[in-house]
Amino acid sequence: ELPGAVEFVEKAKELCTVSVAHTDSNYDHAKAAFDAGATHLTHLYNAMPGIHHRKPGPVLAAWESGASVEVICDGIHVHPSVIRMTFALFGDDRVILVSDSMAGTGLPDGDYLLGGQSVMKQGARAVLKDHPDILAGSVTDLYTGFRKAVREMGISLVSAVKAVTVNPARIAGIDQDYGSLETGRYADILLVNENLEIQRII
């Protein structure tokens, strides 16, 4: 939504994947960025206008443009019904589950820093200490979020696995080495039981 953004996208797309993120853009601004070469949307729904029937915003601009999207799956940033809607709308080839984990992940409740800002961790929530109504990243690791998506949010195992393996690898441009159990790929493998509890890491 800022001056020069479209021109920046046109140049940057030659060097990297360009993602629309944490934006106040409306549908037209976001669509212009996608038309110029942006192909991804970071932290879907968070810190951006929502979907309104007269103001569709960046979410539907991403959908219509064929962009991939990443969604925080900690059960706090995005409601489970909206996670289900995202998979239904975008399809499981275009969704990436992310953690948005910050420094307090896996550590006791207390105060931590995020980008120079004071953050308070309480249970599964991390909020700005000076503005406790504002989420400040997540304290849920990606595997826990993946399990939540399958066991609590109704996402199929196949779709969720794609969203944490081959999809992000493809979008990052490293799928020739990572993201699938193909001959010649790096063997980053989790062996899990029926409850998706990790039994072994290879």
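The entries below go from ground rules to sheets, cores and a few single residues.

**Ground rules**

I am working on a predicted model, where local features need pLDDT of at least 70, side-chain atom pairs count only at pLDDT 80 or more, and totals for chains, interfaces and linings use all residues. Residues are numbered from 1 along each chain as its sequence is written, and side-chain values use heavy atoms, with hydrogens and water left out.

For the elements I took DSSP runs, numbered from the N terminus: helices are H or I with at least four residues, strands are E with at least two. Two strands pair if DSSP finds at least two bridges between them.

**Entry 1: the parallel sheet**

I began with the open sheet of four strands, whose order is β1-β2-β3-β4 and whose pairing is parallel.

Next I went through the pairs. β2 (residues 40–42) runs parallel to β3 (residues 68–72), with two bridges between them; Leu41 has Val69 in β3 as its bridge partner. β3 and β4 are also a parallel pair, with four bridges, and here Val71 stands opposite Leu97 of β4.

I then followed the chain from β3 through α4 to β4 and found a right-handed β-α-β unit. Right-handed means that, with the strands pointing away from the viewer, the path from the first strand over the helix to the second runs clockwise.

**Entry 2: the cores**

Which residues have the most contacts inside the largest nonpolar core? They are Phe34, Leu41, Leu44, Val71 and Leu97, in a core of 34 residues. Such a core is a set of buried Ala, Val, Leu, Ile, Met, Phe, Trp, Tyr and Cys residues joined through side-chain atoms within 4.5 Å. Buried means under 20% relative accessible area, exposed over 50%, and partly exposed in between, with a 1.4 Å probe and protein chains only.

The elements giving two or more residues to this core include α1 (5–12), α3 (57–65), α5 (142–151) and α6 (157–164). The largest share, four residues, is from α2.

Leaving aside neighbours within four places in sequence, Leu97 is in contact (heavy atoms within 4.5 Å) with Val71, Cys73, Phe87, Leu142, Ala149, Ala160, Ala163 and Val164. A second, separate core has seven residues, among them Val119, Ala126, Leu128 and Val139.

I also checked the faces of β4. In a regular strand, side chains alternate between the two faces of the sheet. In β4 both faces are covered, with Val95 and Leu97 buried on one side and Ile96 and Val98 buried on the other.

**Entry 3: the antiparallel strands**

Another open sheet has three strands in the order β5-β6-β7, with antiparallel pairing. Its edge strands, β5 (110–114) and β7 (125–128), each pair on one side only. The twist here averages 35° from one strand to the next. β5 is joined to β6 (residues 117–122) by five bridges, running antiparallel, and Asp111 has Met120 in β6 as its bridge partner.

Further along, β8 and β9 form a hairpin with five residues between them. They pair antiparallel over three bridges, with Ile201 in β9 as the bridge partner of Leu190.

**Entry 4: single residues**

Tyr45 has phi near 80°; it lies in the loop between β2 and α3 and is buried at 18% relative accessibility. Leu196 has phi near 65°; it sits in the loop between β8 and β9 and is buried at 8%.

I looked for disulfides (pairs of cysteine sulfur atoms within 2.5 Å) and found zero. Is Cys73 buried or exposed? Cys73 is buried, with a relative accessible area of 1%, while Cys16 is partly exposed at 45%.

My last stop was Ala187, in the loop between α7 (166–172) and β8 (190–192). Ala187 is partly exposed at 45% relative accessibility. Ala187 and Asp177 are 10 residues apart in sequence and 9.2 Å apart in space, C-alpha to C-alpha.

How values were computed. Axes fitted to C-alpha atoms, helices over the stretch in contact; angles between N-to-C directions.
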